[in-house]
Amino acid sequence: MKAVSDICLLFLMLHTPGVLSLSTHVAVIYPQDPVLRMGSNLTASCWVHSDLGIHASSLFWTLNGQQLPSSLYRVLSPTNLSVTLAGLNASRQTSGDNLVCHNHKGHILAGSCLYVGMPPEKPVNLTCWSRNTKDLTCSWAPGGKGETNISTQYTLKYKLRWYGKEKECEDYTHSQPYSCSITRDLHLFTPYEIWVEASNQLGHAASDVITLDILDVVTTDPPSGVTVSRVGQLEDQLSVRWEAPPALKDFLFQAKYQIRYRLEDSQDWKVMDDVGNQTSCRLAGLRPGTVYFVQVRCNPVGIYGSRKAGIWSEWSHPTAASTPHSERLMSGSCDSKSSGDSNSTLRRELKQFFGWVRKHAYGCSSMSMKLYDQWRVLMQKSHKARNQVGKHH
């Protein structure tokens, strides 16, 4: 593939429009390096210098290294052989397809690069976000099927809505082909108009214009200092704490958080949406003696009075912790019936309690957690007392 591309680039240097002349070349191809729409027809001609003593009927054509059938040829003169290509397919690479004229021994006499593709369609899905109000990054998707098959340039443009001068984004992201970041001279409290223009040698198109205020599209760094710890010996709970994003500590806003957690051997995350703006939360109803991975993310709501919700940050790095082993599961009993009755009673009481919590409390309510802690300790003490009585008997 590289060799084919290098040949095409060589032809670009040797055969440029305006300098084609048989006085300086043994042969030339016309048209030279055409740009064509998919499905087009092309008739190209190869002229050889009369001094070479080569008759056009001895020549042959190749396209990307494959010899074209002679049925496509036409001898226009003793020094001119044409080839007609119908219904051209898209170029295999952006450097173009190689149409080459050879002598009867297979030596290359001249070549041309064919660029076959489509004009760009209107870019779509233009979205923007600001990391801690320090920049403005926008991404988009090409319109239609997304591939023009020829070199297409995308330009992100923006201006202040009422009095700004049109500007072009310069910091295009290499890891994401359709995104660009504006990193300087940003204005807060002023709406921007933003759009994307796409252009190639076959045409151009522009996206719809979006209008936004940077304060309405802020996202933060993930919460830092995430810690997960046990809650005493409560085998079905873990306590999660974190710190608010430091980059926004001087801003007026009401953050809200989400927590998600999963079992060590599972890829299914369970999300808690109702954490609110506090920086700690209690996970309950967990499996005893089990490792959990926990992550937290932040949404800055209402920065400086913005009426729109912010954009969720990335999730924090996973933090792991394990719940204590259940004493009930570790202590044996000779009376399987009484053990089963006890566990059944405990499950029934737990079900009743969680039903009460769901009905009267929301999310990480500290009041319900305190009541729950007291209730769980009481239940465990009661169960231990019953076990002790059972052992003495």
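How many bridges join E8 to strand E9? Select residues 108-117, which are strand E9: six bridges join E9 to E8, and the two run antiparallel. Strands here are DSSP runs of E with at least two residues, numbered from the N terminus, and two strands pair if DSSP finds at least two bridges between them. This is a predicted model, in which local features need pLDDT of at least 70, side-chain atom pairs count only at pLDDT 80 or more, and totals for chains, interfaces and linings use all residues. Residues are numbered from 1 along each chain as its sequence is written, and side-chain values use heavy atoms, with hydrogens and water left out.

Next, pick aspartate 97; its bridge partner in E9 is leucine 114. Then go to the turn: E8 and E9 form a hairpin with five residues between them, and glycine 106 in that turn has a positive phi of about 95°.

Now select E8, residues 97-102, and show side chains. Six of its six residues are buried (under 20% relative accessible area, 1.4 Å probe, protein chains only). In a regular strand the side chains alternate between the two faces of the sheet. On one side of E8 are Asp97, Leu99 and Cys101, and on the other Asn98, Val100 and His102.

Threonine 62 has valine 100 as its bridge partner, and phenylalanine 60 has histidine 102.

Finally, show the whole sheet. It is open, with five strands in the order E2-E9-E8-E4-E5 and mixed pairing. Its edge strands, E2 (35-37) and E5 (66-67), each pair on one side only.

Methods:
Helices (H or I, at least four residues) and strands (E, at least two) are DSSP runs, numbered from the N terminus. Buried means under 20% relative accessible area, exposed over 50%, partly exposed in between (1.4 Å probe, protein chains only).
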